[in-house]
Amino acid sequence: MGRRKIVIVTGLSGSGKSTVARTLEDLGYFCVDNLPVDLAPKLIELMDAGGTELEKVALIIDLRQRKFFPRYSSILDSLQLKDTSLEILFLDARDEVLLRRYSETRRQHPLAPDGSVIEGINRERAELKEIRDRADRVINTSDVTVHQLRDEIRKIYAEERTGELQIEVNAFSFGKGIPLESDLVFDVRFLPNPFFVEQLKEKDGRNEEVKAWILGKPLTTAFLEKIYDLLNFLLPLYIKEGKQYLTISVGCTGGRHRSVVIATLLAQKLVELGYRNVHLKFRELGMEMHAGID
């Protein structure tokens with residue numbers, strides 16, 4: 001609490017960095033777009049010198065800073081951080097989504113002024129790979145609107161001031177990919193599938209009949225007991241390590257039945273255990289809600 005914070009916002013062109021920057025600015029961050037990287041140590045010195053209100057700073061860095069990326073690692077390692085935390089937030093999106101966004105805006109890709117956009121995207125992915133691997137947080141913006149991205153940033157960077165662990169429990173379909181922001185992933189495809197029960201097939205895990213059918217299987221209750229025990233053991237250790245946000249993802253085949261039921265029960269259990277900020281998300285149903293206490 002009270003530590004100064006620097007967030008480096010980087011990622012692929014067209015992935016939403018401008019939206020993130022504006023949202024962080026609304027949250028009180030001093031945002032610097034395209035700061036010459038050689039000035040970063042000077043900025044740290046200024047924050048250390050006191051007499052400044054620069055407690056939260058966001059640096060927006062992308063391939064306009066071409067000189068930065070070949071030596072970003074040594075530059076970051078050389079920063080003398082005193083009572084200041086540094087986080088790298090990387091924004092990503094699928095190729096087809098980036099292509100569509102470029103098509104809509106008719107912009108040229110910065111790495112392909114004379115070539116195809118997909119060639120520019122491929123070159124950019126290659127050049128950003130190392131910093132992506134080093135990022136503390138990766139957000140994939142492929143399937144979110146601008147409003148949803150703003151909400152996600154607010155959820156992460158506004159609520160962290162409470163010092164409480166922010167938990168998101170996410171139900172998803174393995175067929176559509178594991179959520180990239182996941183910290184813990186549980187595969188519940190081994191549970192009996194109500195999709196093959198005719199009267200339950202068209203319903204989803206929010207339905208009481210579906211829930212009762214899944215919970216009526218001894219395998220489900222045995223699994224839940226073990227997961228509850230694991231989370232009750234792990235979460236206090238995460239908090240002790242200073243973790244402020246945790247994403248628990250529960251996946252099944254379609255992301256509509258088993259994962260929704262199990263994710264809901266996990267969220268309810270976490271609230272019972274005293275975690276106040278628990279968000280529940282059914283990705284494939286397009287639903288998100290708060291499960292805890294604001």
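## Exposure and a helical pair

A residue is called exposed when its relative accessible area is over 50%, buried when that value is under 20%, and partly exposed in between. In this predicted model, Asp133 has a relative accessible area of 52% and is therefore classed as exposed. Asp133 takes part in a salt bridge with Lys129, in which the closest N and O atoms are 2.8 Å apart. Both residues belong to helix α5, which spans residues 117–134, and they are separated by four residues, or about one turn of the helix.

Lys269, with a relative accessible area of 25%, is partly exposed, whereas Glu272, at 62%, is exposed.

The side chains of Glu87 and Lys5 form a salt bridge with an N to O distance of 3.1 Å. Because Glu87 lies in strand β4 (residues 84–92) and Lys5 in strand β1 (residues 4–11), this pair ties together parts that are 82 residues apart in sequence. Both partners are buried: Glu87 has a relative accessible area of 4%, and Lys5 has a relative accessibility of 11%.

In soluble globular proteins, nonpolar side chains tend to be buried together. The largest nonpolar core here has 35 residues, and those with the most contacts inside it are Ile167, Val169, Leu235, Ile248 and Leu270. At least two residues of this core come from each of β6 (166–173), β7 (184–187), α7 (208–215), α8 (218–240), β8 (245–252), α9 and β9 (277–282). Helix α9 gives the most, with eight residues.

Leaving aside residues up to four places away in sequence, Val169 touches Ile248, Ala263, Leu266, Ala267, Leu270, Val278, His279, Leu280 and Lys281. Apart from this core lies another, of 24 residues, which includes Leu54, Val57, Leu63 and Leu98.

Notes: Residues numbered from 1 in each chain as written. Predicted model: local features only at pLDDT ≥ 70, side-chain atom pairs only at ≥ 80, totals over all residues. Heavy atoms only, no water. Salt bridge = Lys/Arg side-chain N within 4 Å of Asp/Glu carboxyl O. Buried < 20%, exposed > 50% of the residue type's maximum accessible area, 1.4 Å probe, protein only. Core = buried A, V, L, I, M, F, W, Y, C linked by side-chain atoms within 4.5 Å. Contact = heavy atoms within 4.5 Å.
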